[in-house]
Amino acid sequence: MTTGWRNAMAGALVFAALAESVVRSVVVGASLQSGLALGLLALATTVPLVLLHPVPAAVAVTVASVLSLALFDGLSVAGLVGQLFVLYRLGRTGAQVLPTALAVPFLVLALIRPSVLVVLLASLGPAVAWAGIARRAQGEAQVHHAARQAVAGRLVEHTARGERARIARELHDVVAHHISMISVQAETARLTTPGMPVAGAHRLSEIGDTARAGLIEMRRLLGVLREDARTEVAERQPQPGLGQLNELIDEARETSGAGTRLIVSGAPVTLDPGIELAAYRIIQEALTNARRHAPGVAVDVELRYTREALRLRIRDNGPGPSPSTGGHGLTGMRERAAAVGGTLRAGPAAVGGFMVEATLPGTTGETT
């Protein structure tokens, strides 16, 4: 109910209560003092609805109603409606104890001086008070439900965005290499096969062109799937594995101008391509971070093969982590490890410098 309608109803109750008290005084032939007291009590049961806030209005109307019932053994119809209205409105404000307590005097009167009107108020008072409380609880439940739905919608959207990024990454990692190899092999066959007919060379050239066009279209599609990194997806190259780790170490030495050692322990075993890719990217990112935050320092890259896991350790002898270091490198490495069922820890090394340790699931297979 809007404030305007509530005030209009309260005003109507005020005039109705005053008119009823005047008629009642005339009908029963009450004295001037009694008629005046009855009129004032009738106004007291309705006027607070307009002038006061819910709590003081409920207290004032209840006191006036109890006095009217105790002194004159009666209450105007407008006063009865006003009493029930203030109890309901008080329940709607969220109060629970007060509206119940204000209904107690009517229960006491019903035991002491039972009458139809008193018994009616004693039964309806608590009922309307709890009806208001229930209506308030229902409204709050609807608000909370809407808030939960909004949060759930945002969570689903965030999850979907992350899933799109994961799909884009995995699709590119798996497919781009093979498409590129088709293009390279077709071009190689065209250039190295002696005495090839012109039509055959033309067909191989078309195969290469088709593969390159497919790779461009795939990257464009991945850019749509991964809206948060469209440019990054388009710029990616076919993904390597641990077979290219020596080239990565050599490149790190040339770029940084410092010593970078590769330490391998255990018998190398055949790993899933996704695990090799994750290991390569973790090492690559760790070396990049070392060059960025500790330029010129020596770095050790250790691979330890076991039947159960591949353990990586990349440690530099620099000053350790910088509190101003930003970016998403460490987060990306952790996501890489988690995507293949592994774990990653990064932080200061016990003997100084910074260390990245990752444990990736191993695959029992033939030694390489």
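Helices (H or I, at least four residues) and strands (E, at least two) are DSSP runs, numbered from the N terminus. The structure is a predicted model, in which local features need pLDDT of at least 70 and side-chain atom pairs count only at pLDDT 80 or more, while totals for chains, interfaces and linings use all residues. Residues are numbered from 1 along each chain as its sequence is written, and side-chain values use heavy atoms, with hydrogens and water left out.

Helix α11 spans residues 245–256. From its first C-alpha to its last, this helix of 12 residues reaches 16 Å, close to the 16 Å expected at 1.5 Å a residue; the expected span is 1.5 Å times one less than the number of residues. Just after α11, G257 takes a positive phi of about 70°.

Which residues of α11 are buried? They are L245, L248, I249 and A252, where buried means under 20% relative accessible area with a 1.4 Å probe, protein chains only. These residues cover an arc of only 100° around the axis, which puts them on the same side of α11; the arc is that of the directions from the helix axis to the C-beta atoms. An α-helix has 3.6 residues a turn, so residues three or four places apart point the same way. What covers the buried residues of α11 includes β1 (260–265), α12 (273–293) and β2 (299–305).

Definitions and conventions:
Buried < 20%, exposed > 50% of the residue type's maximum accessible area, 1.4 Å probe, protein only. Contact = heavy atoms within 4.5 Å.
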